[in-house]
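Subject: Structure handover and notes

Dear colleague,

I am passing on the structure below, and my notes on what was found in it follow. Please read them with the sequence and the model open beside you.

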Amino acid sequence: MPRYDFRCRSCGATFELRRPMAQANDPAVCPKGHGDTVKLLSTVAVTGAAGAQPAPAAGGGGGCCGGGCCG
């Protein structure tokens with residue numbers, strides 16, 4: 001189940017809730033009972049496999065069409 005971060009506008013507390021995606025934008029009550037909360041944007045880090053090599057550059061270079069036929 002996804003985790004969503006919230007901040008209370010009344011007391012400034014930051015907290016997280018686990019809830020189904022269908023309820024992602026439903027109102028949340030802070031742990032101190034305040035109802036004036038806002039959902040925070042979360043960042044997700046996506047990394048590739050360790051030691052992965054970058055993809056080779058496309059094209060052959062040379063000339064206006066890249067085919068080497070133009071001088």
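**The hairpin and the sheet**

In the hairpin formed by β1 and β2, where five residues lie between the strands, G12 adopts a positive phi near 85 degrees. Please keep in mind throughout that this is a predicted model.

The protein has three strands and zero helices, and, read along the sequence, its pattern is β-β-β. The three strands make up an open sheet with antiparallel pairing, in the order β2-β1-β3. The edge strands, each of which pairs on one side only, are β2, covering 14-18, and β3, covering 37-39. From one strand to the next, the twist averages 35 degrees.

Strand β1 spans residues 3-8 and is joined to β3 by three bridges, the two strands running antiparallel. Along this pairing, F6 stands opposite K39 in β3, and C8 stands opposite T37 in β3. On the β2 side, five bridges join β1 to β2, again in an antiparallel arrangement, and here Y4 stands opposite L17 in β2.

**The nonpolar core**

Which residues make up the largest nonpolar core? It has seven of them, namely Y4, F6, C8, F15, A24, A28 and C30, and the largest share, three residues, comes from β1. In general terms, nonpolar side chains tend to be buried together in soluble globular proteins.

**The cysteines**

How many disulfides does the structure hold? The number is zero, and the distances around C8 show why: its sulfur is 3.6 Å from the closest cysteine sulfur, that of C11, which is too far for a bond, given that a disulfide calls for a pair of cysteine sulfur atoms within 2.5 Å. C30 is likewise in no disulfide, its nearest cysteine sulfur being that of C8, 3.8 Å away.

**Two exposed residues**

T14 has its place in strand β2, and it is classed as exposed because its relative accessible area is 55%, the cut-off for exposed being over 50%. Leaving out residues up to four places away in sequence, T14 touches F6, R7 and L40. T14 and K39 are 25 residues apart in sequence, and their C-alpha atoms are 9.7 Å apart in space.

M21, by contrast in its setting, lies in the loop between β2 and β3, and with a relative accessible area of 64% it is exposed. Its contacts, with residues up to four places away in sequence not counted, are P2 and Y4. The C-alpha atoms of M21 and M1 are separated by 7.7 Å, while the two residues are 20 residues apart along the chain.

**The protein as a whole**

Of the 71 residues of the protein, 15% count as buried. The protein exposes about 5,600 Å², of which carbon and sulfur atoms supply 55%. Among the contacts with a separation of 6 or more, residues 24 or more positions apart account for 29%.

With best wishes

Terms used:
Residues are numbered from 1 along each chain as its sequence is written. This is a predicted model: local features need pLDDT of at least 70, side-chain atom pairs count only at pLDDT 80 or more; totals for chains, interfaces and linings use all residues. Side-chain values use heavy atoms; hydrogens and water are left out. Two strands pair if DSSP finds at least two bridges between them. Helices (H or I, at least four residues) and strands (E, at least two) are DSSP runs, numbered from the N terminus. Axes are lines fitted to C-alpha atoms, for helices over the stretch in contact, and angles run from 0 to 180 degrees between N-to-C directions. Buried means under 20% relative accessible area, exposed over 50%, partly exposed in between (1.4 Å probe, protein chains only). Contact means heavy atoms within 4.5 Å. Accessible areas come from the Shrake-Rupley method with a 1.4 Å probe; for residues, only the protein chains shown count as cover. A nonpolar core is a set of buried Ala, Val, Leu, Ile, Met, Phe, Trp, Tyr and Cys residues joined through side-chain atoms within 4.5 Å.
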